[in-house]
Amino acid sequence: MTLLHGMVLLAAVVFVVAIVARGIRIARTPMHLRWEIYPVPHEGKRSAHGGSRMEETDWWTKPIHKDHLREILVMIPEILFLKAVWEHNRPLWFPSWTLHFGLYLLIGNMFLIILTALLAMVGVALPMEVVHTLITILAWAGCAIGTIGAITMFMKRAFDPKLKMYTNPSHFFNIIHLGVIYVAGLAWLATDAAYGAHVVALYKSLFTFTTATDLSMAAYVHIGAVILFFIYLPFTHMTHFFTKYFTYHDVRWEDEPNLPGGKLEEKIKKVVSQPVTWAAPHIGADGKKNWADLVAGTGAIEDKKESK
Ligand code: HEM
């Protein structure tokens, strides 16, 4: 086992453990104030006009049918093309989409390389020349598109006066880190005529704990930056690649009816029994009254009304 094997193993363990731990922590947090902003796609055909099952009489007595296919059809353009950024922040779209799409191509390529290495190891005959060419094309496309994204996003963060207000050093660090991955990837591709074969051999050596073939300096910079990225990502806002699931399903689209004696009622009871410590005087929080007390009118808002 070499230093490279150790680093890859460390990165894989840190990434998986930290992401799973974060996912569990988020899933266990108290329920969020739900937005129910329509259209909610799992409402099926009705979602086209922003409708919901609440248009029907006695809707809460009827079985709920969620249209998961429609949810997926909304999520795909959002993930692949950042549709919401296109619609709501057009000037940011090109830098953001290229930054993301380059990464998606490299992640997709990584799965293709892993699959190729594993199949080759178990003796499955593959048209290797074709596969190596495909891997090389995907790597070129991913690194080139990603480089454009890293440069344009860097410029936007550095010079757009509006975006500057929402920019801190970590934004630049992330963009530069991704930029190093992309540019070093381009340098590796440009200096290695047998990139496809070498990268498959590298993954094979990782899986079999054997020594990898010698690679160029650019290759080691690319690999080192990727390893660090996997270790670092779970502790940053870039975990939005999976936390968005909770935003969409537990906040934006959550429309489960709150029925007497149901699970949701139990959760809501827990949340509204929390003592409120908000500083704003109109809330009337004293650290002892809970949300239920305040809403029931024992808070400052009601007190004021009564004193009038
Ligand atoms: C491993 C996967 C991902 C990584 C590493 C990543 C990384 C980033 C980074 C670094 C930014 C900040 C860019 C900036 O400086 O403005 C960002 C923003 C953003 N990401 Fe991701 N992202 C990932 C996946 C996703 C996915 C799957 C989605 C869509 C569902 C998404 C949607 C967005 C949006 C909407 C923004 C805000 C627009 C922007 O600031 O560029 N990201 N992402």
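**From a loop to an iron atom**

Guide: Let's start at Phe 209, which sits in the loop between helix 8 (195-208) and helix 9 (217-232). A helix here is a DSSP run of H or I with at least four residues, numbered from the N terminus. The model is predicted, so local features need pLDDT of at least 70 and side-chain atom pairs count only at pLDDT 80 or more, while totals for chains, interfaces and linings use all residues. Residues are numbered from 1 along each chain as its sequence is written, and side-chain values use heavy atoms, with hydrogens and water left out.

Visitor: Why is Phe 209 called partly exposed?

Guide: Its relative accessible area is 44%. Buried means under 20%, exposed means over 50%, and partly exposed is in between (1.4 Å probe, protein chains only).

Visitor: What makes the phi of Phe 209 worth a remark?

Guide: Phi of Phe 209 is positive, about 55 degrees, although this residue is not a glycine. Most residues other than glycine have a negative phi. Asp 58 also has a positive phi, near 50 degrees, and is found in the loop between helix 1 and helix 2.

Visitor: On to the ligand. Which residues come nearest to it?

Guide: There are 19 residues around the ligand, and Ser 96, His 100, Met 153, Arg 157 and His 240 come nearest. A residue is counted as near if one of its heavy atoms lies within 4 Å. Helix 4 gives the most to this shell, with 5 residues.

Visitor: What makes the arrangement around the iron atom octahedral?

Guide: Donors are N, O and S atoms within 2.8 Å of the metal (3.2 Å for Na, K and Ca), and water is not among the atoms, so sites may look incomplete. Six donors count as octahedral if opposite donors are over 155 degrees apart and all others between 65 and 115. Here 6 donor atoms subtend angles of 88 to 180 degrees, which makes the arrangement octahedral. The protein donors are His 100 (NE2) and His 240 (NE2), 1.9 to 2.0 Å from the iron atom. They link distant parts of the chain, with His 100 in helix 4 and His 240 in helix 10, 140 residues apart.

Visitor: Why do Asp 67 and Arg 70 count as a salt bridge?

Guide: The rule asks for a side-chain nitrogen of Lys or Arg within 4 Å of a carboxyl oxygen of Asp or Glu. For Asp 67 and Arg 70 the N to O distance is 3.4 Å, so the pair passes. The whole structure has 12 salt bridges.

Notes:
Helices (H or I, at least four residues) and strands (E, at least two) are DSSP runs, numbered from the N terminus. Four donors count as tetrahedral if all angles lie between 85 and 135 degrees; four count as square planar and six as octahedral if opposite donors are over 155 degrees apart and all others between 65 and 115; anything else is irregular.
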